[in-house]
Amino acid sequence: MVKKYIIGNGSIISTEAVVKDIEPMASCAPYFNICGNQMSLELMSDDIVYGLGETLRGANKRGWKYVSWCSDDPNHEENKNSLYGAHNFILIDGVKKLGFFFDTPSEITFDIGYTDPDKLIISMESLNLDLYIIDGEDSPSVVKEFRGLIGRSYIAPLWSFGYQQSRWSYPTAKDVMEVVDEYKKSKIPLECVYLDIDYMERYKDFTLDATKFPNFKEFVNNLKDDHIHLIPIIDAGVKVEDGYDCYMEGVKNGYFCTDKDGKPFDSAVWPGLVHYPDVLNPAARRWFGNKYKVLIDCGIDGFWNDMNEPSIFYTPDRLTECIDFIASKQGKLDLNLDEYFSLTDKLRELPNSKVDYGRMYHNASGKLINHELVHNLYGYNMTRAAGEAFNELREERTLLFSRASYVGMHRYGGIWTGDNKSWWSHIELIMHQLPNLNMVGFLYSGADLGGFSCDTTEDLLMRFIELGMFTPLMRNHACIGTRRQELYQFKHTDDFRNLINLRYALIPYLYSEYVKACLNDEMLFKPLAFKYSEDKMARSIEDQLLVGESIMIAPIYKQNAIGRYVYLPEPMKMVKFRSNNDYDTMDLEKGHHFINVNLNEVLVFILPNKLLPLAKPSMRVEDMDMYDLTYIKNGNDATYDYYMDDGVSKEPNGSIRTLK
Ligand code: GLC
């Protein structure tokens, strides 16, 4: 049951996260104590607090302070409070199961036992928001009700479940072909290759550098004949350059965000000076979305939207202040402590500053509104621009995901979790993020496998892949200047091939569970507490996940580990996928087990009376037979409700058949 309350004056504008009309009720007093700009609620000692989608730290959010403020921060460390997304949903899983959605486009802070271990304290500069409270029988039903409130999740094409290779950058057609050819030579399946910012002419959105990609359309279509999809990046900032159509049209029609005097707001990102399309203005949104057509016309069928927090490297105003300040120290070589730090801080404080966000304005449906108040809606609406345009421009599903997001964007695309690092702890972080992302509707998601920045190692990449093989978006992506991390770069190519083959074998199951979760407002990745809610041990586990209705996974995320402890809340069939594309099974009792797992092996646990279908892998998803399946069963009567469709129709047109 969902109830709506208006707190203060309510949300400053409609975020359009919620798709249902609900009459607001008078007071939320039974749940929250409101005092000034804070609202608080007592937590019981056994309450698990899930939610907040893409955040740092554990899956249970207790014990830290999180700030919803879409941030371009490449250092995903425990001391941080914000990442790229703003997902203001909290689920309290205790004696009672309660869901809360704090719907506001502005900054909001969730102090979950940081100030007082037994309190959830929500605060905003001024407490104005729409609050939705969901009371349910169990956690899955609270999530289902919430998801019904925010509308159906984006459904990605089946081919986007294939293995994807990315790097900043493969800057020329020759570089892309080298990747494709090396994968072919190594006989490792490959579905997509990504084009990072260098494919553009001087980082200008919707342009192509013809010297690097002569005959782009032919190139795209030749690759497509081979079932390889090229996925270009689109950045939020549009380069300021006379004669550049996107810039000229935006200025002429007033489609860019402005300063307080109505002049296009100047900022700088990769291309140098840019303006941001005012995606909160429906006309500008339509215009920007239609710009993708130039690439679609070349045969492109997938995009990733980036730098859409929006990220600001600097603004001319503050850069001038900064340079003047530094110049004022010229010749001063004996700096005291304060002078030294004020100097170094000056440059450090240039990017993504609230001062700059506060100087930018939107024209949201005729109302001039300061960006700072609606900051968290930018990435959402940039992606919505694309998603809405694709609905008109393309007959089939389009792959689309974004870096910044807010609840509601899940109807238009997925997300990837941004610039992680080649760190072991960042494998663990994915496990914590996935269920919380699923709660807020982001089902097509994944992390940069191998880690984005820092140098990866073969063993780290292998363990990343062994978790990433279960995520709908399975993309290996790395930063410029880092060690190359395509799978063929390493000694044990055979192991990587076997792992990717296993991913392909799992695609029918993963896709079936993914689409069912989209259609039924459910989660693909669930914490154990969602199923074994009475089992204290299961409730505390954050490094094992239920994936769909048949299996539990227990990935390894420690360097040089020879295996790991796994807790089974009930007897299960363990499947150990081995390096030779074969597997062993063993029936295990409820309880704790130490399982030896070699670097090239993957564990899957099949739940009682469940069945895991496996397909014959192929070099491309499009060449696979999704009905030629073998089964691993736990129990003679095991069944599985298998969903499959053509994988491309915008409206899923498949059906369920029960496998026995
Ligand atoms: C941002 C993105 C990253 C991309 C880079 C260059 O850091 O998060 O994925 O490679 O920009 O475009």
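Is Asp-93 buried or exposed, judged by its relative accessibility? At 0% relative accessibility, Asp-93 counts as buried, where buried means under 20% relative accessible area, exposed means over 50%, and partly exposed covers the range in between, with a 1.4 Å probe and protein chains only.

## About the model

This is a predicted model, in which local features need pLDDT of at least 70 and side-chain atom pairs count only at pLDDT 80 or more, while totals for chains, interfaces and linings use all residues. Residues are numbered from 1 along each chain as its sequence is written, and side-chain values use heavy atoms, with hydrogens and water left out.

Asp-93 is found in strand S8, residues 89–93; here strands (E, at least two residues) and helices (H or I, at least four residues) are DSSP runs, numbered from the N terminus. The side chain of Asp-93 makes a polar contact of 2.7 Å with the side chain of Ser-139. A polar contact is a pair of N or O atoms within 3.5 Å; within protein, one atom must be able to donate a hydrogen and the other to accept it, and residues adjacent in sequence count only if both atoms are side-chain atoms.

Ser-139 also has a C-alpha atom separated by 8.9 Å from that of Lys-531, although the two residues are 392 residues apart along the chain. Lys-531 is placed in the loop between S28 and H15, and with 45% relative accessibility Lys-531 counts as partly exposed.

## The surroundings of the ligand

An N or O atom in the side chain of Asp-419 is 2.5 Å from an oxygen atom of the ligand, and for the side chain of His-477 the corresponding distance to a ligand oxygen atom is 3.0 Å. A polar side-chain atom of Asp-306 lies 3.1 Å from an oxygen atom of the ligand. Taken alone, the ligand exposes 310 Å², and the protein buries 97% of that; such accessible areas come from the Shrake-Rupley method with a 1.4 Å probe, and for residues only the protein chains shown count as cover.

## Salt bridges

Side chains of opposite charge can pair when their charged atoms come close. A salt bridge is defined as a side-chain nitrogen of Lys or Arg within 4 Å of a carboxyl oxygen of Asp or Glu, and a search of the whole structure finds 46 of them. Arg-403 forms one with Asp-306, with the closest N and O atoms 3.1 Å apart. This pair links distant parts of the chain, 97 residues apart, since Arg-403 lies in the loop between strand S22 (399–402) and strand S23 (405–406) and Asp-306 lies in strand S19 (residues 302–306). Both Arg-403 and Asp-306 are buried, and they belong to a network of salt bridges that also links Asp-72, Glu-309 and Asp-419.

Another salt bridge joins Lys-185 and Glu-182, whose closest N and O atoms are 3.1 Å apart. Both residues lie in helix H2 (residues 173–186), 3 residues apart, which is about one turn of the helix. Lys-185 is exposed, with a relative accessible area of 62%, whereas Glu-182 is partly exposed at 24%.

## Strands and sheets

An open sheet of 9 strands runs in the order S25-S24-S22-S19-S15-S14-S13-S27-S26, with parallel pairing. Strand S25 (445–446) and strand S26 (448–449) stand at the edges with a single partner strand each, so one side of each is left without a neighbour in the sheet. Within this order, S22 and strand S24 (residues 414–416) pair in the parallel sense over 2 bridges, two strands being counted as paired if DSSP finds at least two bridges between them. Phe-401 stands opposite Gly-414 in S24.

Elsewhere, S38 and strand S39 (residues 655–659) pair in the antiparallel sense over 5 bridges, and the bridge partner of Asp-641 in S39 is Thr-658. Because 4 of the 5 residues of strand S38 (residues 640–644) are buried, this strand is largely enclosed by the rest of the structure.
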